[in-house]
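Please look over the model below before reading the comments. They are kept brief.

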Amino acid sequence: MQLPFLERWRVWRDRKLASPSFQRWAADFPLTKYEASKRARALFDITAGFVYSQILYGCVELGLFDELADGPQSADELAGKMGMTPAAADRFLRAAVAIDLLERRGNGRFGLGKLGIAMPGNPGIAAMVRHHRMLYHDLDDPLALFRGELSETELGRYWSYAGSADPAADGDERVAEYSLLMSASSGFVAEDTLDAFSLNDYRCLMDVGGGEGRFLLQAAQRWPHLQLRLFDLPAVVDRARERFRDAGIEDRAEVFGGNVKADPLPRGADIISLVRVILDHNDDGAMTILRAVRAALEPGGTLIITEPMSETPGVEPVGDAYFGLYLLAMGSGRTRPPHEHRAMLQAAGFDQIRFVRTRRPLQTRLVVAKAA
Ligand SMILES: CC(C)=CCC/C(C)=C/CC/C(C)=C/C=C/C(C)=C/C=C/C=C(C)/C=C/C=C(C)/C=C/C=C(C)/C=C/CC(C)(C)O
Ligand SMILES: C[S@@+](CC[C@H](N)C(=O)[O-])C[C@H]1O[C@@H](n2cnc3c(N)ncnc32)[C@H](O)[C@@H]1O
């Protein structure tokens, strides 16, 4: 069959672009050389990505960002703390400078660079970086992961509920680690969501899959009239209860332990939140959760879903490449594009579905819906 004209033109163009002689020409020609070098650099950075990640990991493991937050130091001063010879320390520090984690200062000293500067104030990022060792391990043979040839993955073990037939039976030690990581990293998600959507007109917020309660703690601070409820697996809610006690809000915050896929949710909240919850579940599980939420709301009650999504303009690699592979390694769930969220919400009995702009769509996107 003859291809349409546009397709034939694309085939011709791609053959041309693929040829090394054209690439050499394009790298010299004034009108194409900027784009040519941009593309070469982008492919190089993808190739080198793991190396850059390991440098970041090394900085975090060595506590370099906190160490240098108090002022710059030389390689000689840092070498002992890094457990390296001064020459090795110098090589490591130069590598970190090259990717903007650190910066050269006067007298051969090293300080925080324009990317590293964000690290000391955001300990959640360091926790995230550390736990990526498991992901790198699971991705050692990416095709084996896609072909389902790995009998077990490190991330699957870590996120115990992901592969568990009865997640509510999981013990304390299995949930402690991931709950802490989520709590440490939930700052941006909670802040950006609550800045984008006011809860001023609501009476009772129930956070389903609320982890250690960081989202509710932030909501409690902003809206002192709000009653709070947290629903999560039994071993997780024990940790949330402690947090609420420490924050002195135990009289406003009730906790409920259970399995959202099997147990009915308590009724009475006029708004329910699902924060980084739906993406963890395959379509059947996600629909079960949405239906359980619908059943817990009166008609007109509100649901907010806040999580990273697929097909997010400007940050496409985060939804599809990063979380796509992360969730595959975890053993369940996927990021979904907005139109799939909409269709699932409609099928679960919601209407007036709207997407609300968030500050950093890379971290989280927000959809609001009403129980029909
Ligand atoms: C000074 C002049 C001339 C100009 C100013 C220039 C300027 C604009 C400077 C800005 C400086 C500044 C304020 C920088 C701030 C930087 C920040 C806040 C950086 C934040 C970085 C955040 C990162 C790297 C977050 C990473 C998050 C990750 C990897 C999240 C992973 C989440 C996972 C794995 C979640 C799992 C949950 C599950 C299981 C999927 O449900
Ligand atoms: C990715 S974490 C998000 C935690 C928190 N919302 C946040 O953003 O930091 C997913 C949460 O859902 C909870 N969860 C997973 N499966 C569940 C189930 N079947 N029933 C109740 N909670 C569940 C987990 O225990 C965990 O706290």
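1. Basis. This is a predicted model, in which local features need pLDDT of at least 70 and side-chain atom pairs count only at pLDDT 80 or more, while totals for chains, interfaces and linings use all residues. Residues are numbered from 1 along each chain as its sequence is written, chains are lettered from A and ligands numbered from 1 in the order in which they are written, and side-chain values use heavy atoms, with hydrogens and water left out.

2. Overall fold. The protein chain has 16 helices and 10 strands (DSSP runs numbered from the N terminus: H or I of at least four residues for helices, E of at least two for strands). Along the principal axes, its C-alpha atoms fill a box of roughly 70 × 65 × 45 Å. Of its 372 residues, 45% count as buried (under 20% relative accessible area with a 1.4 Å probe, protein chains only; exposed is over 50%, and partly exposed lies in between). Among contacts (heavy atoms within 4.5 Å) with a separation of 6 or more, 65% join residues 24 or more positions apart.

3. Ligand 1. The shell around ligand 1 holds 15 residues, the closest being M128, D280, Y322, Y326 and Q363 (a heavy atom within 4 Å qualifies a residue). The protein covers 49% of the 1,100 Å² of accessible area that ligand 1 has on its own (Shrake-Rupley method, 1.4 Å probe). Two or more shell residues come from each of α7 (123-138) and α15 (316-330), and α15 gives the most, with five.

4. An N or O atom in the side chain of D280 lies 2.5 Å from an oxygen atom of ligand 1 (the cut-off for a polar contact is 3.5 Å between N or O atoms).

5. Helix α5. Which residues of α5 (residues 75-82) are buried? They are A75, L78, A79 and M82. The face turned away from them carries the exposed residues D76, G80 and K81. Cover for the buried residues includes α3 (33-62), α6 (86-98) and β3 (109-112). G83 follows α5 and has a positive phi, near 70°.

6. Residue S186. S186 sits in the loop between α10 (172-185) and α11 (187-196). Its relative accessible area is 9%, so S186 is buried. Leaving aside residues up to four places away in sequence, S186 touches R214 and R276.

Definitions and conventions: Polar contact = N/O pair within 3.5 Å; in protein donor to acceptor, adjacent residues only side chain to side chain.
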